[in-house]
Amino acid sequence: MAAREKAQGAALFVPEEAGLPELRAAAAGCRGCALYRDATQTVFGEGPEHAAMLLVGEQPGDQEDRRGHPFVGPAGGLLNRALDEAGFARDACYLTNAVKHFRFTERGKRRIHRQPGRTEIVACAPWLAAELRAVRPRLVLCLGAIAAQALLGTGFRVSERRGELIELPEHAVLATVHPSAVLRAPDREAAYREFAADLGRARAALDALAR
Ligand code: URA
Ligand code: SF4
């Protein structure tokens, strides 16, 4: 990796004061870390420019990488169900990820998800910051530890603080687990109910903030 890429991350590629279409176009050419090399494409966030709620996941998965849209695989299916039950229309939300390229290792023909490291999270953070500036959501919902730590710092523990409303000057934040963790849980139904309850808390918080 060139030293310049390493030092600067995505910051070199983010246009100033840009709206979402300009950001998306610029992100397609990002080389802020090494992940662009093996992934198919940048998977930028999607949703209305001034969505009240912005959701942050970890990184695109296999299907997202192929199709170019966030949360269109199994985790997305579970998320859709929970959003719907909590009274959110998915297309009224802005959905994005802490890291915009798929990180994986190849095992035969399969591509196995690899968690993004600090390098990728820090490198990619300028895109998330730019999305937050463009969308200006009232509530940010963090899905899992990578998203929560990207927004709230590496000391943040989802296990201790899930479902808690954290009010920052620019927006409120609520963290919950990642929908993939629900899919992997030994008791999937119980895990789903807890996840859905957190989305219910997000709904109530958003309704209160709108008043
Ligand atoms: N998992 C994520 O964190 N984001 C996606 O877009 C898909 C799966
Ligand atoms: Fe740029 Fe983020 Fe992709 Fe790295 S993961 S190349 S910083 S968009």
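Visitor: Which space is the largest cavity?

Guide: The largest cavity is the space taken by ligand 2. On a 1 Å grid over the protein atoms alone, a cavity is a set of points where a 1.4 Å probe fits but cannot get out. The model is predicted: local features need pLDDT of at least 70, side-chain atom pairs pLDDT 80 or more, while totals for chains, interfaces and linings use all residues. Residues are numbered from 1 along each chain as its sequence is written, chains are lettered from A and ligands numbered from 1 in the order written, and side-chain values use heavy atoms, without hydrogens and water.

Visitor: What makes the pair of phenylalanine 44 and tryptophan 127 edge-to-face?

Guide: Rings of Phe, Tyr and Trp (its six-membered ring) pair if their centres lie within 6.5 Å; planes under 30 degrees apart are stacked, over 60 edge-to-face, the rest tilted. Here the centres are 5.9 Å apart and the planes at 90°, so the pair is edge-to-face.

Visitor: Why is glycine 144 called buried?

Guide: Its relative accessible area is 6%. Buried means under 20%, exposed over 50%, partly exposed in between (1.4 Å probe, protein chains only). Therefore glycine 144 counts as buried. Phenylalanine 44 and tryptophan 127 are buried too.

Visitor: How do you know that arginine 81 lies over the face of tyrosine 192?

Guide: The rule wants NZ of Lys or CZ of Arg within 6 Å of the ring centre and within 35 degrees of the ring normal. Arginine 81 lies at 3.8 Å from the ring centre of tyrosine 192. Arginine 111 lies over the face of phenylalanine 104, at 4.9 Å.

Technical notes
1 Å grid on protein atoms, 1.4 Å probe; cavity = no way out; pocket = protein on both sides within 12 Å on 5 of 7 lines; lining within 4 Å. Sits in = over half its atoms within 2 Å of the grid points.
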